[in-house]
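Reader: I would like to go through this model feature by feature. Please give the general idea where there is one, and then the case at hand.

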Amino acid sequence: MTRNKQIRAVLLAALMVFSVFAGTIAFSGSAAATAETLPDQTVTEGEEVTIPVTVNSTGSENNTTVWVDSDGNNVLNESELNATNTSYNPDGEQVVQVTLDTSNLGPDTYTIYAIETAGKTVPSSNFEAQGTLTVEAAAPTDDGENPELLSAVHYDSSDGPVLELSFSEGVTNLDGNITVLDDGDDVTEDVVADVSDPVSQTNDGQVVIQTSDVFTSDDLEVELNGVTDNVGNEVDEGLDGDNRAEITVATVTASTGDVDAYQGENVAISSGVEDIDQDIEIESDDSEDDNEGYRFSGSTGDTSAVFIFSTENREIERYNYTVGSASSGDIDGNIDVRDLGLEVTVDDLNVTTDESIEGTVSANAGGRDLEIQLLDSDDDDVETIDATLNGQGEFDYEFDATDLDADDYTVEVTDSGSGVTVTSDTVTVREAADGRADFAENVVTDHRGDVVAIPLTLSNTDEATVTIGSDDQGYQANVSVEDGNDDGEVILLWDSSQSTNDDAEAVFDVDDSDDEILTGNDGQTEVTQTTGDLIDAGDYDLEIRTGLTATEDNADNVGTLVLEEGGVQTVATWTAPNSEDFSELEDVTEALENGNITQDDQIAYGDKVVVQIVAPGLEGTVGAEGDETLDDFFDTANGYGDSYQLIVNQTNPGPNRDPKTLNVSEASVIADGNNDTYFVVFNSETIDAEREEDDDGVWTGDGTAVDTEDDDAYQVNFTMVGEDDVSTDSTALVDDDSTMTAEYSNVEAEHDFDMDPVNVTNAESQTISGTSNVAPGSELTIRVRSDGDTQPRFLKTATVYVSENGTFSGDFDFSEQSVGDTFTATVRGGVADEVEVDGNVGEAVEETTTTEETTTTTEETTTTTEETTTEETTTEETTTEATTEETTTESQTPGFGVVVALVALVAAALLAIRRD
């Protein structure tokens with residue numbers, strides 16, 4: 001017999017032994033008794049039961065086993081409840097007692113068997129006596145928890161329209177204790193189909209009420225009084241202080257097949273009113289373009305048969321849904337979400353009691369029935385119009401305001417078929433009387449030189465006139481405004497940097513383009529007194545009047561304008577990836593939020609430098625009334641170089657060299673005018689530079705052109721020039737020079753890996769990481785490519801981003817690679833050069849428990865087995881005292897049993913074969 005055949009024979013014999021150990025349980029002992037009768041028993045759930053078994057003694061022992069055939073296969077299995085008596089009476093027929101603990105048996109009637117087990121092998125279909133064991137449910141116990149109403153859903157089920165109430169547990173005392181309300185009114189008799197027998201508890205905790213129809217009101221509530229659990233605890237969770245809960249209304253039901261729903265509708269997904277605890281899967285239909293990639297996994301709930309899919313915040317597209325098990329991957333149907341396009345407009349948001357509230361309702365479908373309600377400020381229904389959209393999908397409505405109280409009103413429109421509701425803007429109704437204009441803020445504060453926003457409120461009028469300053473204060477102007485969109489508000493903009501200008505169109509503006517400055521014959525807008533220089537800091541009078549005439553008295557209200565001294569408050573340097581494109585303030589704000597602009601004075605050469613300047617008093621001069629890109633920031637006609645100036649000058653020119661000066665006029669400037677902040681952005685490498693010779697750091701364009709370098713250091717200086725230093729042709733924005741500086745250095749851009757070589761294991765989620773000094777937010781690519789003799793070849797890539805602390809990392813799956821495979825890891829991206837290192841794949845190390853054991857034996861085989869077992873077993877041949885090394889094992893098998901015996905048997909057999 002060959003060696004391989006010997007091994008196979010030994011293994012086959014071992015497996016036969018293993019099958020005997022694993023497949024049978026033997027009850028040993030000599031033949032003793034025969035079970036003859038087994039009486040039926042009844043026990044309360046969780047209690048022990050002692051069963052008398054009549055046996056006939058046939059031997060010197062008595063071993064009788066009773067078992068509960070819980071799986072109904074007439075065979076005693078090892079997992080089934082069983083017990084064996086140990087008493088013995090050698091004198092003929094006797095009764096033995098067998099005790100069973102029913103703690104793990106639920107209420108039911110079970111078949112029980114008795115068998116004399118001495119010498120018999122189990123499992124076996126043999127039995128000698130048979131009976132029944134009835135386990136009755138234990139009386140309910142009070143867990144001290146009050147039941148909770150989890151949901152109340154009204155929808156059209158497969159059994160007709162229903163109201164389902166889902167509770168946290170079974171409830172009782174339902175009849176007469178459930179009330180349906182609509183906007184606080186009892187509508188139970190209208191809603192419930194059969195008031196005499198309305199309620200059924202289809203499943204424990206699921207109460208289903210048949211309704212006469214599906215009611216689309218969004219004010220439906222359910223009120224519970226006296227509903228309790230089985231031990232009398234009353235429902236109080238899930239209810240408000242009046243024992244009420246909102247009812248969710250679904251106007252569309254999906255069970256199988258396709259349905260349409262208008263955006264805003266609730267869709268009830270249910271396979272049947274009795275099918276509780278069903279899995280629900282919803283996902284965007286991949287076959288449609290531009291879908292939102294939505295996916296949801298959930299369920300109807302333990303005591304509910306319906307899941308509500310709200311389309312209010314979902315995109316207009318098709319969704320696939322599955323009810324129940326999704327293992328087959330079948331789609332139960334589609335929900336096609338469409339846009340009803342229901343809109344309501346109001347022609348005039350400010351009306352008086354001698355006018356009407358008028359407007360238009362429109363939708364993307366004609367012939368739709370509508371309910372149009374006029375609601376007051378308490379949301380009470382003042383008047384309702386039942387309407388139908390015409391063939392064009394429109395309806396013009398009108399509410400007479402002559403009988404209305406002065407109040408705020410809204411128009412609410414509900415599509416009767418879908419329940420989709422829209423609400424208009426607020427309409428203010430006032431008593432027909434004289435109008436009034438006012439300041440929204442009695443004290444307005446800003447800096448001289450800035451564009452001052454003065455908010456106005458207008459009541460019962462669209463026109464007002466504002467006076468700024470007075471003759472005694474050295475400046476005075478009048479400006480008439482019109483509320484063009486009837487929102488009762490106008491924000492007047494006054495450019496204080498133009499205090500020397502008498503051209504009203506250059507001085508005044510409005511924040512909202514719907515509003516208007518009225519000039520010429522339309523209104524009294526004029527600058528009656530200008531200043532010689534920029535207006536001084538100080539307090540100035542404000543007056544406002546209804547109408548278009550600025551009279552000397554009868555002002556509707558007065559206020560104060562406080563102008564403070566401007567100046568440079570902050571200059572700071574930040575950095576951003578060169579790939580970032582900043583064309584408007586929104587780009588800068590988003591980059592700041594995402595960490596793609598970070599404050600730094602070490603700029604990777606090639607990345608962008610962002611200089612942040614906070615300078616109140618500059619807004620008007622540079623034209624930064626709002627949030628915009630300033631193309632004229634460096635325009636000398638605006639005063640650049642005289643009224644204000646930005647200089648970026650080298651601080652480390654080296655010996656016998658003039659410092660470099662940067663041409664900052666190449667930079668882009670983005671303004672956040674409302675916050676007096678300006679972002680100056682340029683590339684640290686490509687910006688023009690020259691050697692300045694005048695020792696003033698000012699770019700002239702006449703110096704020697706030079707390149708910037710990766711070890712340059714610079715000082716940033718921003719100055720607003722005081723009155724004594726500006727030329728006669730410019731306006732000083734501050735009394736005295738105001739200057740702030742910051743410094744930054746160019747550094748060579750570099751990437752580094754954290755390991756060289758990179759070591760990974762043949763497993764998933766292997767991290768390859770490193771550091772970089774390029775701007776945080778820079779996009780990098782890590783590429784891992786096999787090299788050497790590695791087979792099969794592989795290539796892995798990951799896109800990563802530099803974090804704010806200068807690190808990057810990517811996760812790779814090496815589970816398909818072999819131990820010993822080699823590769824090259826490369827990182828590239830940003831403004832740094834590509835970096836490459838070698839890499840190796842090592843053996844995966846799992847979380848293990850390592851135990852040292854010393855075994856002394858004179859046997860021929862030493863086997864080390866710990867509380868965990870690996871795929872490899874260590875076997876050492878020895879005939880003397882042996883000490884085992886550490887053994888690392890992976891999967892846990894408690895005890896020393898059948899498997900260990902088999903391993904020992906196989907090891908001994910193989911050892912014998914080797915010795916042969």
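Reader: Which residue in strand 43 is the bridge partner of Trp-494?

Author: The partner of Trp-494 there is Phe-508.

Reader: What is the strand order of the open sheet that holds this pair?

Author: The order is 37-39-42-43, four strands with antiparallel pairing. Strand 37 (436-439) and strand 43 (508-510) are the edge strands, and each pairs on one side only. From one strand to the next, the twist averages 30°.

Reader: How should I read an open sheet in which the pairing is mixed?

Author: Begin with the order and then look at the ends. Here five strands form such a sheet, in the order 15-16-12-11-19. Strand 15 (199-203) and strand 19 (248-249) have a single partner strand each, so one side of each is left without a neighbour in the sheet. The partner of strand 15 is strand 16, residues 206-210; the two are antiparallel and share four bridges. Within that pairing, Gln-201 stands opposite Val-207 of strand 16.

Reader: In which sense does strand 27 pair with strand 21, and in which sense with strand 26?

Author: Take the two pairings in turn. With strand 21 (residues 259-262), strand 27 (residues 333-338) pairs in the parallel sense over four bridges. Asp-260 has Asp-336 in strand 27 as its bridge partner. With strand 26 (residues 318-323), strand 27 pairs in the antiparallel sense, also over four bridges. There, Tyr-321 has Gly-333 of strand 27 as its bridge partner.

Reader: How many bridges join strand 60 to strand 50, and how many join strand 60 to strand 59?

Author: Strand 50 (residues 602-604) is parallel to strand 60 (residues 738-747), and the pair has three bridges. Gln-602 stands opposite Ser-745 of strand 60. Strand 59 (residues 713-720) runs antiparallel to strand 60, and eight bridges join them.

Reader: Let us turn to the backbone in the loops. Where are peptide bonds cis?

Author: Pro-757 lies in the loop between strand 61 (751-753) and strand 62 (758-761). Another cis bond runs from Gln-791 to Pro-792, where omega is near -10°. Pro-792 is in the loop between strand 64 (779-786) and strand 65 (795-801).

Reader: Is phi of Asp-277 positive or negative?

Author: Phi of Asp-277 is positive, near 50°, in a residue other than glycine. Asp-277 lies in the loop that separates strand 22 (266-269) from strand 23 (279-284).

Reader: Which residues line the largest cavity?

Author: The lining consists of His-154, Leu-163, Val-180, Val-191, Thr-211, Leu-220 and Ile-247. By class, five of the lining residues are nonpolar, two are polar and none is charged.

Reader: Last, the confidence. What pLDDT does the chain average, and where does the score stay under 50?

Author: Where pLDDT is low, the predicted coordinates should not be read in detail. The chain averages a pLDDT of 83, and 83% of the residues score at least 70. The score stays under 50 over residues 1-32, for which the model has 54 contacts beyond four places in sequence. It also stays under 50 over residues 854-916, with 91 contacts beyond four places in sequence.

Definitions and conventions
Residues are numbered from 1 along each chain as its sequence is written. This is a predicted model: local features need pLDDT of at least 70, side-chain atom pairs count only at pLDDT 80 or more; totals for chains, interfaces and linings use all residues. Side-chain values use heavy atoms; hydrogens and water are left out. pLDDT is the predictor's confidence in each residue, from 0 to 100. Contact means heavy atoms within 4.5 Å. On a 1 Å grid over the protein atoms alone, a cavity is a set of points where a 1.4 Å probe fits but cannot get out, and a pocket is an open set with protein on both sides within 12 Å along at least five of seven lines; lining residues have an atom within 4 Å of a point. Ala, Val, Leu, Ile, Met, Phe, Trp, Tyr, Cys and Pro count as nonpolar, Asp, Glu, Lys and Arg as charged, and the others, Gly among them, as polar. Two strands pair if DSSP finds at least two bridges between them. Axes are lines fitted to C-alpha atoms, for helices over the stretch in contact, and angles run from 0 to 180 degrees between N-to-C directions.
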